Amino acid sequence: MENEVYKKVVRCAESVKKITDFKPLIGLVLGSGYGEYADMFEKVAEVSYDEIEGFPVSTAPGHAGKFVFGYLEGVPLVIMNGRVHFYEGYDITDVVLPIRLMKLLGAKVLYLTNAAGGINSDFKPGDLMMINDHIATFIPSPLRGRNIDELGLRFPDMSHVYNLDLQDVLRKAAKEAGVELKEGIYAQTPGPQYETPAEVQMLKAMGADAVGMSTACEAIAGNHAGMLVVGFSTVSNLAAGISKHPLTAEEVFETTKNVSGNIMSLIRESVKGIDAYLKEGGR
């Protein structure tokens, strides 16, 4: 009997293909405050989430709720302008449905971005941090339940969720773009409340450098489906207990806006690098 979760993803893919037959190479997820970057691509088609049968609708502030299909530096991408969060009340399989959908539409690479709270004492608001590992212990696994055999193994290896070769591509892209790129471990918490100072200290003791309410579950689903995963966080604020003032969503958007040039430059250079890597025979 076919997996019901997979059948739902297939129905979503069929809905999208009725609107556009565009085949992306990279699936790019735009984080909080990143939405304006979707207008910087050479747009071919646009699909609102409410046009897709059974697709979860993004309700988070600053998330437009649509897929944008187009080109950046000649590379075909599908841009997720507005992600779905676990704290919005969706089942975890719905939270990662967009990732699996992008895979079915043809994306080989999953490129994740987000806004995160800085835990590492060397970080400051506005820093960009490449994610080289994550902690997802505090959320349900998106692989829970009957395995989707059409996508991946029952027990997938998570030794290198974030592809090592693409990490090198991102490092090189940052150098080419003249952007300082920190590196670290990202922790996902359920949200929507920000973490307490005690929780931040616990995460710091566990080795986390930044914390947010997305991304890790998406990376798990992408890795399970055989996608090459890469991503970075914008340190939009210092986490509770490290920051000297209360945390607000407005601060997240303001910081992201202030470093928009660095973010776009890094995305542009790294997309070129990813394309070159795949053309040279990268998996």
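**View A. Thr20 is buried, with a relative accessible area of 9%.** Here buried means under 20% relative accessible area, exposed over 50% and partly exposed in between, computed with a 1.4 Å probe on the protein chains only. The model is predicted: local features need pLDDT of at least 70, side-chain atom pairs count only at pLDDT 80 or more, and totals for chains, interfaces and linings use all residues. Residues are numbered from 1 along each chain as its sequence is written, and side-chain values use heavy atoms, with hydrogens and water left out. Thr20 belongs to the loop between α1 and β1 (26–30). Helices (H or I, at least four residues) and strands (E, at least two) are DSSP runs, numbered from the N terminus.

**View B. Helix α1 (residues 4–19) crosses α3 at roughly 60 degrees.** The axes of the two helices come within 9 Å. Axes are lines fitted to C-alpha atoms, for helices over the stretch in contact, and angles run from 0 to 180 degrees between N-to-C directions. The crossing of α1 and α3 is right-handed. That term applies if the near helix is turned clockwise from the far one by less than a right angle, and left-handed applies if it is turned anticlockwise.

**View C. Helix α3 (residues 97–104) is mostly covered.** Six of its eight residues are buried, namely Leu97, Pro98, Ile99, Arg100, Leu101 and Met102. Val96 occupies the loop between α2 (92–95) and α3. Because its relative accessibility is 0%, Val96 counts as buried. The C-alpha atom of Val96 is separated by 8.5 Å from that of Gly222, a residue 126 residues apart from Val96 along the chain. After α3 comes Gly106, with a positive phi near 120 degrees.

**View D. Helices α4 and α8 pack at an angle of about 135 degrees.** Their axes are 8 Å apart. This geometry makes α4 oblique to α8, and the crossing of the two helices is right-handed.

**View E. The second largest pocket holds about 220 Å³ of space.** Its lining comprises 13 residues, and those closest to the centre are Val169, Lys172, Ala173, Gly273 and Ala276. Helices α4 (164–177) and α8 (260–279) each supply at least two residues of the lining. By class, the lining residues divide into four nonpolar, two polar and seven charged. Nonpolar covers Ala, Val, Leu, Ile, Met, Phe, Trp, Tyr, Cys and Pro, charged covers Asp, Glu, Lys and Arg, and polar covers the others, Gly among them. On a 1 Å grid over the protein atoms alone, a cavity is a set of points where a 1.4 Å probe fits but cannot get out, whereas a pocket is an open set with protein on both sides within 12 Å along at least five of seven lines; lining residues have an atom within 4 Å of a point. Grid points are joined across faces, edges and corners, and a volume is the space filled by probe spheres set on the points.

**View F. Backbone geometry is shown at Glu73, where phi is near 55 degrees, and at Thr215, where phi is about 80 degrees.** Most residues other than glycine have a negative phi, and most peptide bonds are trans. Glu73 is placed in the loop between β3 (66–72) and β4 (75–81) and is partly exposed, with a relative accessible area of 39%. Thr215 is placed in the loop between β8 (210–212) and α6 (216–224) and counts as buried, at 0% relative accessibility.

**View G. A cis peptide bond joins Gly191 and Pro192.** Omega of this bond is about 0 degrees. Pro192 is part of the loop between β7 (181–188) and α5 (197–206).

**View H. Leu128 is found in strand β6 (residues 128–135).** Its relative accessible area is 2%, so Leu128 is buried. The C-alpha atoms of Leu128 and Ala116 are separated by 9.7 Å, with the two residues 12 residues apart along the chain.

Conventions
Angles under 35 degrees count as roughly parallel, over 145 as roughly antiparallel, 65 to 115 as roughly perpendicular and the rest as oblique.
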